[in-house]
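Trainee: Could we go through this model together? I have the sequence and the structure open.

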Amino acid sequence: MRSAAVLLVALLAVSLTAVAPAAARDAEPAARATGPAARALERLLGRGGASQVELRTIPKGTGPDRFRVSAERGRLVVAGTSPAVQLTGFGRYLREVAHANVAIGGTQLDLPARLPLPSAPIEADSSVVHRFALNDTNEGYAARI
C-alpha cells in the first residue's frame with residue numbers, strides 16, 4: 001500500500017512537470033522547484049488547504065533524495081530535494097499526523113479546516129538510487145481496485 005501511495009504522488013508530480021506554462025518556466029528558481037508540488041497540493045486540498053503548506057527545496061548535493069516535514073511558527077513546512085520527494089513527504093505527513101491517505105486503492109482526505117502540525121520533525125532519506133514510474137505491480141495484475 002505504501003508503494004502505491006508513493007507511485008500516485010510521483011505520477012502527480014510527473015504529470016505536472018510534463019507541460020509547464022511559460023510563466024512557470026520563467027519563474028524564480030525557488031518557485032520552479034516547488035511549483036509542481038504546490039499545484040498537486042492545490043488539486044488535492046483546495047486552495048485553502050494548500051495555502052497552509054509551505055514547500056521548500058533542499059539541495060540534493062551528493063547524497064540521496066530526502067525530505068523533512070516540520071512545524072515552524074505555527075505553519076506546516078515540507079522540504080524535499082524535488083517536487084516528487086516533497087509530495088512523498090506530504091504523503092507521510094498525511095498518514096502519520098493527519099491520519100489521512102492518498103492511494104491508488106482509495107483516498108481518505110477527511111481533514112480539519114486547519115491542518116494539524118507534527119509534534120516532531122518527520123525525516124527520511126531515499127533507500128534507492130533509481131525510481132520508475134508506471135511500473136508498479138505490487139497489487140498484482142488481476143487485483144481488484
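Trainee: Let us start with R56; what does R56 count as by relative accessibility?
Mentor: At 28% relative accessibility, R56 counts as partly exposed; buried means under 20% relative accessible area, exposed over 50%, and partly exposed in between, with a 1.4 Å probe and protein chains only. Please keep in mind that this is a predicted model, where local features need pLDDT of at least 70, side-chain atom pairs count only at pLDDT 80 or more, and totals for chains, interfaces and linings use all residues. Residues are numbered from 1 along each chain as its sequence is written, and side-chain values use heavy atoms, leaving out hydrogens and water.

Trainee: Which residue forms a salt bridge with R56?
Mentor: E72 does, with the closest N and O atoms 2.9 Å apart; a salt bridge here is a side-chain nitrogen of Lys or Arg within 4 Å of a carboxyl oxygen of Asp or Glu. Because E72 lies in strand 2 and R56 in strand 1, the pair ties together parts 16 residues apart in sequence. Helices (H or I, at least four residues) and strands (E, at least two) are DSSP runs, numbered from the N terminus. E72 is partly exposed too, at 22%.

Trainee: Which residues are linked in a network of salt bridges?
Mentor: The network links E54, R56, E72 and R75.

Trainee: And how many salt bridges are there?
Mentor: The count comes to 6. Among them is E123 with R68, at 3.2 Å from N to O. That pair links distant parts of the chain, with E123 in strand 6 and R68 in strand 2, 55 residues apart. E123 is exposed at 52%, whereas R68 is partly exposed at 31%.

Trainee: Changing topic: in what order do the strands of the sheet run?
Mentor: The order is 1-3-2-6, in an open sheet of 4 strands with mixed pairing; two strands pair if DSSP finds at least two bridges between them. Strand 1 (53–57) and strand 6 (122–125) are the edge strands, each pairing on one side only.

Trainee: In what sense do strands 2 and 3 pair?
Mentor: Strand 2 (residues 66–72) and strand 3 (residues 75–80) are antiparallel, over 6 bridges. A71 stands opposite L76 in strand 3.

Trainee: How many aromatic pairs does the structure hold?
Mentor: It holds 1. F90 and Y93 form this tilted pair, 5.5 Å centre to centre with 35° between the planes. Rings of Phe, Tyr and Trp (its six-membered ring) pair if their centres lie within 6.5 Å; planes under 30 degrees apart count as stacked, over 60 as edge-to-face and the rest as tilted.

Trainee: Where do F90 and Y93 lie?
Mentor: Both lie in helix 4, 3 residues apart, about one turn of the helix. F90 and Y93 are both buried.
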